[in-house]
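Please look over the structure below before reading on. The briefing that comes after it is meant to be read with the sequence and the model side by side.

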Amino acid sequence: MSSRFRAPAAALGLLPFAVYVLLFLALPTLIAVGTGFIGADGGFTLETLAALGNPVVLNAFGSSVWLSALTAVIGAVLGALVCYALLGARPDGALRSTVDSLSSVIAQFGGAMLAFAFTATIGIQGMVTVLLRDTVGVDIFADGVWLYELPGLVLPYIYFQVPLMVITFMPALASLKVTWAEANATLGGTARSYWLRIALPVLAPSFLGSLLLLFANAFSSYATAATLISQGAQIVPLQIRSALTSETMLGRENLAGALALGMIIVMSVVMTGYARLASRAARWQR
Amino acid sequence: MLTTRTLAATIAATAIVALTLTGCASGTADATGTAGSVDAATATSVSAFGDLAALEAAANAEGALNVIALPRDWANYGAVLDLFAEKYPDITITESAPDGSSAEEIQAAQNLAGQDTAPDVFDLGLAVALANTDQFAPYQVATWSDIPDALKEESGLYVGDYGGYMAVGYDPDSVPAPTTLSDLLGADYKGKVAINGDPTQAGAAFAAVGMAAVQNKGSVDDFQAGIDFFGDLNAAGNLVKIDPTPATIASGETPVVFDWDYLNVGYGTQLAGERNWEVVVFPGTGYAGYYNQAINKDAPHPAAARLWQEFLYSDDAQNLWLAGGARPARADAMADAGTIDTKLFDALPTVPDTTVVPTAAQSEAAATLLGEKWAAAVQ
């Protein structure tokens, strides 16, 4: 990076982006976190921060981490399998480009739209639900309507996690050089030794990096959960909504700032890990 | 707190006196009737302008009115907005964030203060109204004395406008008719009962828990019995955690809905021909609540804001609340004056034997309790 900044023209070109990031990312983050330290009287306080130790809030953080980790692992494994299967297809073939573009679209298909799609498909009166009930006699909601609770978020989240994994992991898999496999074979290696000694160690940083990205993606997701779940605010983004918009429990806006601080800490740890793994992985993609 | 007929008679009597006085005041006031001569932002009644015609002229001169968080399917607000637009074609109404919460209305006013897009008027749940009185401009409508004292802040900072009872709406083709609250715990209601919102966030849902509390041997002093009821409902697998809307009712996803009686009645009207929808207010102790009108003290269109208030408390608009199934604040006085739509008034669900409305202190205690216990109870 530093060498690039020596060219003043290039730095000037970055200026609009830097201003944009400052205005719409750094500043709001600072303000959000700052409100966590301001009390009802406008002075400095650590009281709101102490509210982070509240069992309800701790529970929400626990659920958020649990949900994000679970969907990240499932998404990463399924996505990696898809990538592996695609290796057999020609890089410029129709199959690869179809899956590539489909993944890009689906990975962005989140929020309220996705929630509605799931309601229409496997909601209480959803197409699949009704079909299963009327034709095979299986009631997927026999033990209660789980779709509008925390477990109900797993399916929609996996829906956008898998394609995101395909997008981020495919380049790593594709960068496995044929020459490495040939060298392994020439030196008397087996397919097993190729995967264990060469491919997996090369892929590991990319895989773990993508896993962290998926975790962050799920951890910060809001709209899908907000549309599906209306009771209890089980995850942190929903807790923030509740603190900001409640018309029955007033004066908790500052708690939202404290919650945001908690989220930023988790996200910073995850993204630092991601950056480190990504730079390790980049060594093999040159 | 709901007025009895006798109280209404007294109020009506006071109304006549007050109206006469207002008449005198406007006669003696130095009113030129032109929009420019009056500072609309500080006017506390129509007499500051001279008469209603002068207020209308001032509002027409402003030519705009910003309203916020008024869902068109809420208590007949659609018809109310349309009638205002028809009556005052020179005033352009801007409806923003129709599904916003009361708290968001105040936030919008603070964020947009000084801009001509700021909301002129608010429609608020009591808790938010009580907590934000410094955001309101006092104003007393011409029909001020018709409104029961319990519903209004004495200087007119906020005024109750329409309200009703917490009720249960249900689809008679999908579930048997519930006659008591505990019926809903039965197997017939598995995965079918919804609440309009989260009680730690939305006023209607908060009232649902309050109603469950008073029906479940608790009281407005202690919502725990209500939280326990919904905990049991959840444990029985009967509570469905999706926000009910006319769409979820139409699709059959939420065949039982806890909501204000006027909203439930509204769903039925809206879905007529598509789905049957009955509304029941459980006998015993009923839980009532009113929504309040207030004027933004920084209203960009102060005269239009005041004209909107006059309009909302006029016979026409009050009857429109009634058509939406809500109980208008001036109902008793209008019944005495013979200006109420008696057919609609008599068609309201039967009133329970006793009615409770929590005070500000009780609401606050209940909100704190809900914050601690609700999420765990329904998880």
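This is a predicted model: local features need pLDDT of at least 70, side-chain atom pairs count only at pLDDT 80 or more; totals for chains, interfaces and linings use all residues.

Residues are numbered from 1 along each chain as its sequence is written, chains are lettered from A and ligands numbered from 1 in the order in which they are written, and side-chain values use heavy atoms, with hydrogens and water left out.

**Overall build of chain B**

- Chain B contains 14 helices and 11 strands, where helices (H or I, at least four residues) and strands (E, at least two) are DSSP runs numbered from the N terminus.
- Its radius of gyration, taken over C-alpha atoms, is 21 Å, close to the 21 Å that the globule rule gives for 379 residues, so chain B is as compact as a globular protein of that length; the rule itself is 2.2 Å times the number of residues to the power 0.38.
- Along the principal axes, the C-alpha atoms of chain B fill a box of roughly 70 × 45 × 45 Å.
- Of the 379 residues in chain B, 55% are buried, where buried means under 20% relative accessible area, exposed over 50%, and partly exposed in between (1.4 Å probe, protein chains only).
- Among contacts (heavy atoms within 4.5 Å) in chain B between residues at least 6 apart in sequence, 73% join residues at least 24 apart.

**Aromatic rings**

- Over all chains, the structure holds 27 aromatic pairs; rings of Phe, Tyr and Trp (its six-membered ring) pair if their centres lie within 6.5 Å, and planes under 30 degrees apart count as stacked, over 60 as edge-to-face and the rest as tilted.
- One such pair is formed by Phe229(B) and Phe230(B), which is edge-to-face, with 5.2 Å centre to centre and 80° between the planes, and both of these residues are buried.
- One aromatic cluster is made up of Trp74(B), Tyr77(B), Tyr162(B), Trp260(B), Tyr262(B), Tyr291(B) and Trp321(B).

**Ser363(B) and its surroundings**

- Ser363(B) lies in helix H14 (residues 360-377) of chain B, and with a relative accessible area of 15% it is buried.
- Not counting residues up to four places away in sequence, Ser363(B) touches Phe206(B) and Pro358(B).

**A helix in chain A**

- Helix H7 (residues 127-136) of chain A is hardly covered, since the count of buried residues among its 10 residues is one.
- Just after H7(A), Gly137(A) takes a positive phi of about 75°.
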